[in-house]
Amino acid sequence: RWCDYKMTAFLPPNLLALFAPRDHLPFLPPLQDLPWEKKPWLYSGVAQYLQEFEDPSETPAPTRAETKEERRARKRQEREERYRSNLDEALTDWDPSNDPNATGDPFKTLFAGRFNYDTSESKIRREFESFGPIKKIHMVTDTKTAKPRGYAFIEYEHERDMRSAYKYGDGKKVDGRRVVVDVERGRTVKSWKPRRLGGGLGGTRKGAPNECIKYSGRVDERDMRDKDRDRERDRDRDRDFDREKKRERDRDRDRGDKGHDRDRDRDRRRGRSRSKERDRKRGRSRSRDRDKDKRDRSRSRDKKDKDRKRDKDRDKSSKDKDRHRDKDRDKDRHKDKDRERDKGREKVKVKSEEDEFLNKDVNENQEINGDNDVVVKEEPMEA
């Protein structure tokens, strides 16, 4: 302790201030009354303030605040009205016949859309020049950002080339995307409106996801109208069926238990008929699957027969080749034997001729000597 005290005496002032004692707490006089001993304020009436209130006859009508749904509907309606007004103004200003960019022949011009935004004009020319010579390509760009909009107008030299591209160019894949082609309708079809002005063709952006088509390519408006008409007819038929069913249910409820029994019997009969229809469909599907299995088995059997026949033909051809090769070898062997036999015969013949010649010379020498002894004719040897 003494060492520590002595050491702290050598500390700098800023560190010694940390070890200095605090000041004493200030003295405060005690309160006269404690909080729980104080008397609260006395309650009084409001009679003295009645004159400050307004007269009931002068009270304004109550104001009703707007709910969240009403505010959302109001904003939606304002937005639609604003869009319609802008659309009407754009329709009055839209005149394709006076467009400075549309200067070519409209009957030789082809519309091509759904391009990739990175597709260049040279790429479009290379892809669509297979149908015929191209005179001009106009790629539509945004007026504010100068970025491509994804569609272009292609003008051909001849009208037949444009018709060929219209017929065979739909669905062509360019830079990984399938394009859609159509004739130029702005200057050829009366009362035509583009997509941005509420018109256009196709069903990819009609509304809800269940109403839009999911495939690319041209869509015939007549087919779309027929499909919409069939869908509305089915919806009306279902609505009529539900209404009729509800009427029958109300009628049966009025009749009492008898009606309930009849409804129950009808549901039971309907359930039986549905189960029969289900069984019939299941039987059809099973028979269809059975026929399919039979066809598959017959096809596999035919394939096996074809493979077996091919193997037989291959074995037969290999056997025929071996047989021909053996025959050729036998022929060569017989030829060699005949050749050797002919050589032997020729040697024997030559030897026999030599023997005959020698015997003839001996006989001549015997006749000259006149006796039976064989005398060899001596001839001088040439030096």
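I began with Asp-175 in this predicted model, and I noted that Asp-175 is partly exposed, because its relative accessible area is 35%, which lies between the 20% and 50% limits. I then placed Asp-175 in the loop between strand E4 (173–174) and strand E5 (177–178), and I recorded that its phi is near 55°, a positive value in a residue other than glycine.

I looked up Arg-114 next, where phi is near 65°, again a positive value in a residue other than glycine.

I turned to Glu-155, which sits in strand E3 (residues 148–156). I noted that Glu-155 is buried yet has no salt bridge, the nearest side chain of opposite charge being that of Lys-135, 4.1 Å away; a salt bridge would need the nitrogen and the carboxyl oxygen within 4 Å. Leaving aside neighbours within four places in sequence, I listed the contacts of Glu-155 as Gly-104, Asp-105, Lys-108, Thr-109, Ile-134, Lys-135 and Lys-136.

I finished with helix H3 (residues 68–93), for which I checked the length: its 26 residues, at 1.5 Å a residue, should span 38 Å, and the end C-alpha atoms are 38 Å apart, so the two values agree. At the start of H3, I saw that a side-chain oxygen of Thr-67 reaches to within 3.3 Å of the backbone nitrogen of Glu-70.

Note on methods. Residues numbered from 1 in each chain as written. Predicted model: local features only at pLDDT ≥ 70, side-chain atom pairs only at ≥ 80, totals over all residues. Heavy atoms only, no water. Helix = DSSP H or I, 4+ residues; strand = E, 2+ residues; numbered from the N terminus. Buried < 20%, exposed > 50% of the residue type's maximum accessible area, 1.4 Å probe, protein only. Lys, Arg positive; Asp, Glu negative; His and termini not counted. Contact = heavy atoms within 4.5 Å. Expected span 1.5 Å × (residues − 1). Polar contact = N/O pair within 3.5 Å; in protein donor to acceptor, adjacent residues only side chain to side chain.
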